[in-house]
Amino acid sequence: MPYGKLFTESALTKLVTVNTLRKMKTDGEKFVTVALYDAPMAAMAQKCGVQVLLIGDSLGMTVLGYDSTVPVTMEQMIYHIEAVARGNSKSLIMGDMPFMTYASTELAMHNATRIMQAGAHMVKLEGGAWVADTVHKLTERGIPVCGHLGLTPQSVNKLGGYRVQGRDAASAKIMLRDAKLLDEAGADLLVLECVPSSLADDISAAVSMPTIGIGAGKDTDGQVLVINDILGLTEHPPKFSKNFLIEAGDIPGALLKYSDDVKNGTFPADEHSFD
Ligand code: KIV
């Protein structure tokens, strides 16, 4: 039987927009994001009711075999964004801006335009105060932006490793300030990666834009996981992830279980979160 027939109830029926996600935040309804990279997975995500697709620069590690996101290029991002956009007509599609492609506002304008023209509905970039002006200029000109705070993988060489961020009072205060600056600059979404649950909760309550957590506890407005982690393809899976394939038995079932568990609040559990 075609897998699509199994998912008539969960499939997205309407286009997901920034307004859909803002309303879900207001209504306290959790939304689901998956970082994925190709057309068949994007089509399956639509059937499973996944509201947001992220073509993350994580593809450097999950698909291309690099040991960080730093080597990822605009051309690689565009190739995968186009593939995802061909497979899905309803989810909101978000494309990551690779390392140093938004180092100045002019560069960001040029590269964000390319990402949008490849089929994305929003761009994502990492950083706090230093990107606020760029976020303002992009959003003012009609390009929705998702910020990314906490563990920002493009800065791994500066951070000295992949670690939970915002654990001490001073760094927590800066992260909260940065989130407010991005909100005021007009950002439409905010990813919080590897952040103590209580801080992610405080940030989510303090900003009008919806937040998406990964290793940030259960109180963000939405959740994101990387498809490789959902399907158990990662050799050393991070604590915040879960292999949904074990329980579900097949790939469509695993994606649907992840989607359902986020929506009904059973994922993430305490074991996937940080203090
Ligand atoms: O690149 C990516 O997939 C990401 C997510 C982990 C949030 O940034």
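Predicted model: local features only at pLDDT ≥ 70, side-chain atom pairs only at ≥ 80, totals over all residues.
## Basis of the model

Local features need pLDDT of at least 70, side-chain atom pairs count only at pLDDT 80 or more, and totals for chains, interfaces and linings use all residues. Residues are numbered from 1 along each chain as its sequence is written, and side-chain values use heavy atoms, with hydrogens and water left out.

## The barrel

Eight strands form a closed barrel in the order 1-2-3-4-5-6-7-8, with parallel pairing. Strands are DSSP runs of E of at least two residues, and helices are runs of H or I of at least four, both numbered from the N terminus; two strands pair if DSSP finds at least two bridges between them. Strand 4 (residues 122–124) and strand 5 (residues 145–150) run parallel and are joined by two bridges. In strand 5, Val145 stands opposite Val123.

## Helix 6

Helix 6 (residues 132–140) has Ala132, Thr134, Val135 and Leu138 buried (under 20% relative accessible area, with a 1.4 Å probe and protein chains only). These buried residues line one face of the helix, because they fall within an arc of 155 degrees seen down its axis; the arc is that of the directions from the helix axis to the C-beta atoms. They pack against helix 5 (105–117), strand 4, strand 5 and helix 8 (169–185), where contact means heavy atoms within 4.5 Å. Gly142, with a positive phi near 95 degrees, follows helix 6.

Notes:
Buried < 20%, exposed > 50% of the residue type's maximum accessible area, 1.4 Å probe, protein only.
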